[in-house]
Amino acid sequence: MTRMQRGGTVLFLLLFLSLAVLSLVLDRANRLEPVKDLVAQITTPVQEALTTATNRLTEVRQLFIDMETCRAQNEELQTLLDQLIIENVRLREAEIENVTLREQLNFKQANPSFELLSAQVIGRDPSNLANYLVIDRGAEEGVGIGMPVLTDRGLVGRVTEIASHASKVLLITDPSSSVNALVQDTRATGVVQGKLGQELVMRYVQQTEEIKPGDLVLTSGLGGNFPTRLIIGQVTEVHKTDVELFQEAVVRPSADFGRAEMVMVLTSFQPIDFEAE
Amino acid sequence: MAAVALVQSSVLFRFSVGSARLPLMLLVVVSWSLLRGAREGIVWGFLGGLSLDFLSGLPLGTCALALTATAYLSSLGQLTIYRTSPLFPSGLALGASIVHDCILMVVLSLVGHTVPWPQLLLRVTVPSAVLGSLVMPLVHRGLIRLHQKTLPEEMEL
């Protein structure tokens, strides 16, 4: 580029810069309003059309973005829902456990002389022929053979086998189980034995004794296998015939064996083993 | 130039990336100045700036002044040895954007507008300059074609 050309270009630049400055000055003096109005009249429809077209384009684009956002949100919410379901289950379990433990605590407070060890039911007899529970406490925790097992509602059974951290509990509903019992009101004594079908029967009750449905049946403590005054259940039926030597009563157990999840082992009670002595 | 101004005012602001907006007119003027030299660049800059002025709320002549000056400065890029580098237009667009906005802000300050320099530079000018430099290769390629089509045919002697 020659010096002359460069000079010409600078002049050209100065000319246009001057024009721009002139426009600025005239605009500041409001002398260009008619021109601006005219330009606005021409450009406004075009701008409107462009804006409308762009709006539609933006809406379509937004629709796709929204769909993608919805999908992402849906996935997030599904994950959250799964977490909440799990948390809800955990909380409900904790609530149930809390209720059970509170009932056990109440029972403990009502029986301050009892030393009770809480245990969780970790298994049940699979054969359906014998009524056993397996609990998660054993010899290491101070559980011994023959110790009574109860819930806050009443007697459940007694420990028959122990491992270091587990024990087997023979339920009072098992046909091989016998518990010396008495009727609370009349003090009539008998033996409560298990019967198929989660029921109990109280045998060897003297014909002269008065028993009626609704009577409470407690452990008598005779024989030294169980402590006294543990609730066994409630009399539902009485079978009394003149030809029989004894009368019998059907007893509904107070403890719910089917649903028991937490039980207590009465560790302060040592059963008397007459055979050993 | 009017079409570019209309697109910039009506369409491009919807496709902004954060606070960065594509300075399409600036890119066109810079690219054309690089291809055709100072005189054509100055004319394009003035007309493009004036078009923007009519569509913007700024005082008439503000953009024209800034774009005319920027076009001249961009045309100086023709004189460097780096002008054949494929990255040169992008680098030039980056620098031109910043210079253009600085001129604009100076003019606005002179005519009495309140101009928050640091915020505008950091939040608007620099991001827009970066965006512009990224898009510049496309704009420049398009204008090269236009440049080749509109070149006066060589006369046979």
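Which residue of β11(A) does A:V201 stand opposite? Select A:V201 and then A:V250, which stands opposite in β11(A). This is a predicted model, in which local features need pLDDT of at least 70 and side-chain atom pairs count only at pLDDT 80 or more, while totals for chains, interfaces and linings use all residues. Residues are numbered from 1 along each chain as its sequence is written, chains are lettered from A and ligands numbered from 1 in the order in which they are written, and side-chain values use heavy atoms, without hydrogens and water.

**Stop 1**

Select residues 199-206 and 246-253 of chain A, strands β8 and β11, which run antiparallel and are joined by 5 bridges. Helices (H or I, at least four residues) and strands (E, at least two) are DSSP runs, numbered from the N terminus; two strands pair if DSSP finds at least two bridges between them.

**Stop 1: the barrel with β1 and β12**

Next, follow β1-β2-β5-β4-β3-β12 in chain A, where 6 strands close into a barrel, again with antiparallel pairing. Here the twist averages 45° from one strand to the next. To see one pairing, show β1 (residues 116-124) and β12 (residues 262-266) of chain A, antiparallel strands with 5 bridges between them. Pick A:L117 and its bridge partner in β12(A), A:V265.

**Stop 2: the helix across the strands**

Axes are lines fitted to C-alpha atoms, for helices over the stretch in contact (heavy atoms within 4.5 Å), and angles run from 0 to 180 degrees between N-to-C directions.

**Stop 3: chain B against chain A**

Now show both chains: 26 residues of chain B are in contact with 29 residues of chain A. Together the chains bury about 2500 Å², 77% of it on carbon and sulfur atoms; buried area is the accessible area (1.4 Å probe) that two parts lose on being put together, summed over both. On chain B, select α1 (2-10), α3 (38-55) and α4 (62-75), the elements that give two or more residues to the side touching chain A. Of these, α3(B) gives the most, with 8 residues.
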